[in-house]
Amino acid sequence: MSEKGIIAIVGCPATGKSVVARALAEMIHTEHIDYSEYLLKINAARVHNDEIVIEDKKAKNVLGKLEEGIVSGVYALDYLDSKKIKNVYLLRCNPKILFYRYLVRNYDLEKIKNNLTSEYLDVCLKMALEKVGPQKVNQVDASNDEPSYIALRIYSSIKNGFKIFDKVDWLSQISRPFDLILMK
Ligand SMILES: Nc1ncnc2c1ncn2[C@@H]1O[C@H](COP(=O)(O)OP(=O)(O)O)[C@@H](O)[C@H]1O
Ligand SMILES: [Mg+2]
């Protein structure tokens, strides 16, 4: 798989971007950049009140020059050159599962609400479509499979040139007032 271009793995926090991207990088023998970790390492970002503050100019300068590899992160697309992006794989995860992962991460209620609302309302999908257009955007429901199987599906899509667009409709699955309370 030597064709040049960046594979971007995006999605809301805790949808599995890092674990899936790592597994995929092993399968296709390519470099994986978790963009926030990477920007911290090269001093293009810092941690402030538990949040990562990115220096936009520096980040665009470095990530914008990337030609290939796997790049993962919530806002990874903001910093990449869209012409160099071969494919985007957007990971989706049932908000009911995300809620538990956010508790494990000790997110406060405001942050939980913001992120669950984004997942319910397809915010990352809209961002991806705006950045690279519909042809390059794949949507993968990562709610029920092992990370290695999700990586395998992505690997197969890249290798065989087919698109993945799993249907997700979390809003239709809201069953209890509790789910609504967790939205903004
Ligand atoms: N498909 C999955 N099945 C079970 N657990 C998962 C899956 N994907 C991610 N996780 C777990 O959820 C947490 C968040 O995953 P991570 O890859 O760090 O998410 P992200 O990089 O999108 O923020 C981790 O503890 C990870 O092990
Ligand atoms: Mg991550």
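**Figure 1. Helix α1 as the main contributor to the shell around ligand 1.** In this predicted model, α1 gives the most to the shell around ligand 1, namely three residues. Both α1 and α8 supply at least two residues of that shell each. The shell around ligand 1 counts 14 residues, of which A14, G16, K17, S18 and V19 come nearest; a residue is near a molecule if its C-beta atom, placed from the backbone, lies within 6 Å of it. By class, six residues of the shell are nonpolar, four are polar and four are charged. Here Ala, Val, Leu, Ile, Met, Phe, Trp, Tyr, Cys and Pro count as nonpolar, Asp, Glu, Lys and Arg as charged, and the others, Gly among them, as polar.

**Figure 2. Packing of helix α1 against helix α8.** Helix α1 (residues 17-28) packs on helix α8 (residues 147-160) at an angle of about 55°, and their axes are 8 Å apart. Axes are lines fitted to C-alpha atoms, for helices over the stretch in contact, with angles from 0 to 180 degrees between N-to-C directions. The two helices α1 and α8 are therefore oblique to each other (under 35 degrees is roughly parallel, over 145 roughly antiparallel, 65 to 115 roughly perpendicular, the rest oblique). Their crossing is right-handed, meaning that the near helix is turned clockwise from the far one by less than a right angle. On α1, the contact involves V19, V20, A23, L24, M27 and I28, and on α8 it involves P147, S148, I150, A151, I154 and Y155; contact requires C-beta atoms, placed from the backbone, within 7 Å. Of these residues, 11 are nonpolar, one is polar and none is charged.

**Figure 3. Packing of helix α5 against helix α6.** The axes of helix α5 (residues 95-104) and helix α6 (residues 109-120) cross at roughly 155° and come within 10 Å. Helices α5 and α6 are therefore roughly antiparallel to each other, and α5 passes α6 in a right-handed crossing. In the contact, P95, L98, F99 and Y102 of α5 meet I112, N115, L116, E119 and Y120 of α6. The contact residues comprise seven nonpolar, one polar and one charged.

**Notes to the figures.** The protein chain has nine helices and seven strands, assigned as DSSP runs (helices H or I, at least four residues; strands E, at least two) and numbered from the N terminus. Residues are numbered from 1 along each chain as its sequence is written, while chains are lettered from A and ligands numbered from 1 in the order in which they are written. As this is a predicted model, local features need pLDDT of at least 70 and side-chain atom pairs count only at pLDDT 80 or more, whereas totals for chains, interfaces and linings use all residues.

Technical notes
Two residues are in contact if their C-beta atoms, placed from the backbone, lie within 7 Å.
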